[in-house]
Amino acid sequence: MAPVDAASSLEFARFAVGQPVRRTEDPKLLRGQGRYTDDVTAAGQVHAWILRSPHAHGVIRRIDVEAARRLPGVLAAWTGADLATQGYGHVKSMPVGTSRDGSPMKETPRPALAVDKVRYVGDPIAIVVAETRAQARDAAEAIELDIEPLPAVTGPRAALASGAPQLYDGVPGNLQYDALFGDPAAVAAAFAKAAHVVKRDLSINRVVVSAMEPRAALAEFDATTERWTVTIGSQGAFGMRASLAGAMNVAPERIRVLTPHVGGSFGMKAGLYPEYIAVLHAARALRRPVKWLEERSASFLSDQAGRDHEVTAELALDAEGRFLALRIQAYGNLGAYVTNFAPMIPSLGLTKNVIGVYRTPLLEVATRCAVTNTSPLGPYRGAGRPEGNYVMERLVDAAAAEMKLDPIEIRRRNHIGPADMPYAAPNGMTYDVGEFAAVLDKAVAAADWNGFGRRKAESKARGRLRGRGLAQYLEVTAASVKEMGGIRFDADGGVTIVTGTLDYGQGHAAPFAQVLAARLGLPFERIRLLQGDSDELVAGGGTGGSRSMMMSGSAIANAAQKVIEAGRQIASVVLEAAIADIEFVDGRFRIVGTDRAIGLLELAAKLRAGMILPANVPTSLDVTHVDGAVPSAFPNGAHVAEVEIDPETGVVEVVGYASVNDFGVIVNPLLVEGQVHGGVVQGIGQVLMERVVYDGQGQPLAGSYMDYAMPRAGDVPPIGFASHPVPAKTNILGVKGCGEAGCAGSMPAVVNAVVDALREFGVEDVPIPATREVVWRAIRGTRA
């Protein structure tokens, strides 16, 4: 590839920051040329199958694998007792904080395979490895189990009740974490003087994550180097390597993690799972590559689930409808084992996000996290952000109805204004910028708010109920960690970005290239992205919490500046000028005030050709840069949904949707709009359709999509998207993050619309999911 000086002005404008550049990986993916974990095959690989507990709670008396080991093609079978002798660690959770009494969070040790007890349906209890996947599966069915069933408990409040079945001796009363934020006495005083108090009991339903690609892993062990190479779906290869090394009790350098294309995650694939330990053990013990692929039915049982909180929320207002204080009692279901972030979601996550865009002087959040006989909980698109905004927006709409205030006016009356910035919120956050009233005004205009009466009359003429729902949201993006921004000038004339965030469907390659092209004036098509290889990384926080552009984008921009600094020194030698006289403009190093210049890629080519430089001058333009942590940003917006309801059947149809969002500087509006669309649809699915249900014995009642409803294209109207960008001051790019905002806006907006449609029947609240049965019963004043 011949070097060129820089991108042409026309090309630069086409791929500039702010342009809707198409995802560069899509042609390959659409042609079926993607490379996911199950597409990777190693010579001589064998196959693993995980046997799971059929009981939600029980004591393991005996697991006999001898019959399985004798079957054709079977190479090995191990139980938890077998692996317990190998010196491996447990799947560990990240400590969030101490409980209100000062005690640390309770530990829930999770071995690769259950040893003494099983604690949920799907708990891994044995692994079988055979020449073929079918042989491994057949052999797993030959394993004899003797498990003494115990009573099970599946809800957080029930688990904390006196006399509930106990999951762990070390977690008395099943209370794993008891958090308190705020000043209860001050909040109580504010409630005592309030002119009006609105209260709601809200259940935020558990959902199946439903990533398109099930979890999978391929482990290879090199006996010479005593090193594993693990191909696995993740949200960051560097973090996954650290987690695997901790569980295997080895140095991180002994594991290489490769993450190829990933078919979705939404938070579910971010952390370590016990099956991975068993697969790595098998690869080392057998000295052969071992592949494990989960089936969808097992994914329903074993993947980390999302949401599942119960919240009692109260909002105190004065006589004018201004907020005085917010008080929340939350109960978080952690499932049978505590995963990374799970206790944080209903505690810190709720606390950070529940204030939203409103001036709220006082806040109290009490959270009790319980272990239950259900699959473990983990982060799911937003991880506390949609939940917090859902709670607040339901309260605001309820307050407007009870106080007979216009839902727009009550919001305007309580907005944090631009003049209040920076705003020290009572949750400890400091908002840098925001124009919440302007966003609201644009949203109601986009939704044709004033034309709703006509549409409602048209619906009524067809025998339908119509409701509209408004919701504003503000998210606190995840706190960032150190992130790599590497830049390499390749032998073929291309440039490679190396970073530790990971694209599992977002489309990072194009916007990252837009950032680099803008900083270095490079041709867009020459820029590549290297991710998902832990051996290539020196740091990496992974993708999650709507922070990738803030982290990697900032790291790339800062790395580009280091390229320029090195390039000025090298160009000064080539152009025979002082460094102070060299400027960098539009991809070229030039002597100030002259036409003597050299392009960046031309300079890189000269270096590859063996250019001789003085001892004190850099010999390469390559940069391995690590950025420090970037503060949180505060994306926000206003969403308006309209629904039609058939009163005879309870069927709810979302018939209109408008959104205006503030994501700061938008690098690629095409991708940002797609992210909002996806989040909106997931929010609609949660509040109208999706729910994981367990029976009294802890058996899940939905094990496939035959029993578990998810939204389809026909369930979703055109989603209006508009922007009101106010650049963030917390990072050099001015970006705010967008990946989870759709859920935060759509969940409350759609439920508010459903309640609005049902208000003529005296309905003031509906539980979610607002299925057709729930709505039908609400209209008739009955409960299931």
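## Exercises: a sheet, its helices and a cavity

Helix α5 (residues 133–140) lies across β1, β3, β5 and β12 (290–293), and α5 runs at about 25° to β1. The model you are looking at is predicted, so let's explore it step by step.

**Exercise 1.** Find the order of the strands in the open sheet, and work out which strands stand at its edges.

*Solution.* Start with the order: 7 strands line up as β3-β5-β1-β12-β9-β10-β11, with mixed pairing. Now look at the edges: β3 (74–79) and β11 (255–258) each have a single partner strand, so one side of each has no neighbour in the sheet.

**Exercise 2.** Describe how β1 is joined to β5, and name the partner of Leu51.

*Solution.* Begin with the direction: β1 (residues 46–52) and β5 (residues 124–130) run antiparallel, and 6 bridges join them. Then pick out Leu51, whose bridge partner in β5 is Ala126. Staying with the sheet, helix α8 (residues 237–248) packs on it and touches β10 (227–232) and β11. The direction of α8 makes about 140° with that of β11.

**Exercise 3.** Characterise the largest cavity by its volume and its lining.

*Solution.* First, the search: the whole structure holds 5 cavities of 30 Å³ or more. Next, the volume: the largest cavity has about 110 Å³ of space. Its lining has 16 residues, and Val208, Phe300, Leu301, Ser375 and Tyr694 lie nearest the centre. Sorted by class, the lining has 10 nonpolar, 4 polar and 2 charged residues. Finally, helix α10 (residues 296–302) gives the most to this lining, with 3 residues.

Conventions:
Residues numbered from 1 in each chain as written. Predicted model: local features only at pLDDT ≥ 70, side-chain atom pairs only at ≥ 80, totals over all residues. Heavy atoms only, no water. Pairing = 2+ DSSP bridges. Helix = DSSP H or I, 4+ residues; strand = E, 2+ residues; numbered from the N terminus. Contact = heavy atoms within 4.5 Å. Axes fitted to C-alpha atoms, helices over the stretch in contact; angles between N-to-C directions. 1 Å grid on protein atoms, 1.4 Å probe; cavity = no way out; pocket = protein on both sides within 12 Å on 5 of 7 lines; lining within 4 Å. Points joined across faces, edges and corners; volume = space filled by probe spheres on them. Nonpolar A, V, L, I, M, F, W, Y, C, P; charged D, E, K, R; others polar.
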